[in-house]
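Me: I would like to go through this structure and ask what stands behind each label. Please set each value against its definition.

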Amino acid sequence: MTNQPLPPHRPPSLWKHRPLSLGFSIVVASAILVSFDAVIYNINQISARQTLTPKHLLSRMTASIRFMIWGILPIGSLIGGLLGSRLGLRTTLIIAAGGMLPLLAAWILPIRTLRSVDAP
């Protein structure tokens, strides 16, 4: 064994971790925006449902909507997991983004410009 000096210690470069920190920053920012968007969406859609639904049917409507939304989440998670393992992550995300395209209809439908509703 020879007594060679150790190389000088250099602090780790932040540049080599920059893509990771940039990606992490984008994920955090999008999570914050999605959280705000979910709150605004829920307030608007629940208000619209409560306005449009007769009082005696409101509990049934709420239960039906919750059943449809919360009931489909595990099925969608299972399908997403299967697609991700079979087709790969990138392809699965492209399919998921394509599945979001019908939401663009919200920009076309008149509910976007709805300001008042006649009582049922």
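Me: What pattern does the protein follow along the sequence?
Reply: Read along the sequence, the pattern is α-α-α. The secondary structure comes to three helices and zero strands, where helices (H or I, at least four residues) and strands (E, at least two) are DSSP runs numbered from the N terminus. This is a predicted model, in which local features need pLDDT of at least 70, side-chain atom pairs count only at pLDDT 80 or more, and totals for chains, interfaces and linings use all residues. Residues are numbered from 1 along each chain as its sequence is written, and side-chain values use heavy atoms, with hydrogens and water left out.

Me: Why does the span of helix 2 agree with what it should be?
Reply: The expected span is 1.5 Å times one less than the number of residues. Helix 2 (residues 58–87) has 30 residues, so it should span 44 Å; its end C-alpha atoms are 42 Å apart, which agrees.

Me: Where in helix 2 does a kink lie?
Reply: A kink of about 30° lies at leucine 73, shortly before proline 74. The bend at a residue is the angle between axes fitted to the seven residues ending there and the seven starting there.

Me: Why is methionine 68 called exposed?
Reply: Exposed means over 50% relative accessible area, buried under 20%, and partly exposed in between (1.4 Å probe, protein chains only). Methionine 68, found in helix 2, has a relative accessible area of 51%, so this residue is exposed.

Me: Why is threonine 53 called buried?
Reply: Threonine 53 has a relative accessible area of 10%, and is therefore buried. This threonine is found in the loop between helix 1 (18–52) and helix 2.

Me: What does the side chain of threonine 53 reach?
Reply: The side chain of threonine 53 reaches the backbone oxygen of arginine 49 at 2.7 Å.

Me: How many of the residues in the protein are buried?
Reply: Buried residues make up 4% of the 120 residues.

Conventions: Polar contact = N/O pair within 3.5 Å; in protein donor to acceptor, adjacent residues only side chain to side chain.
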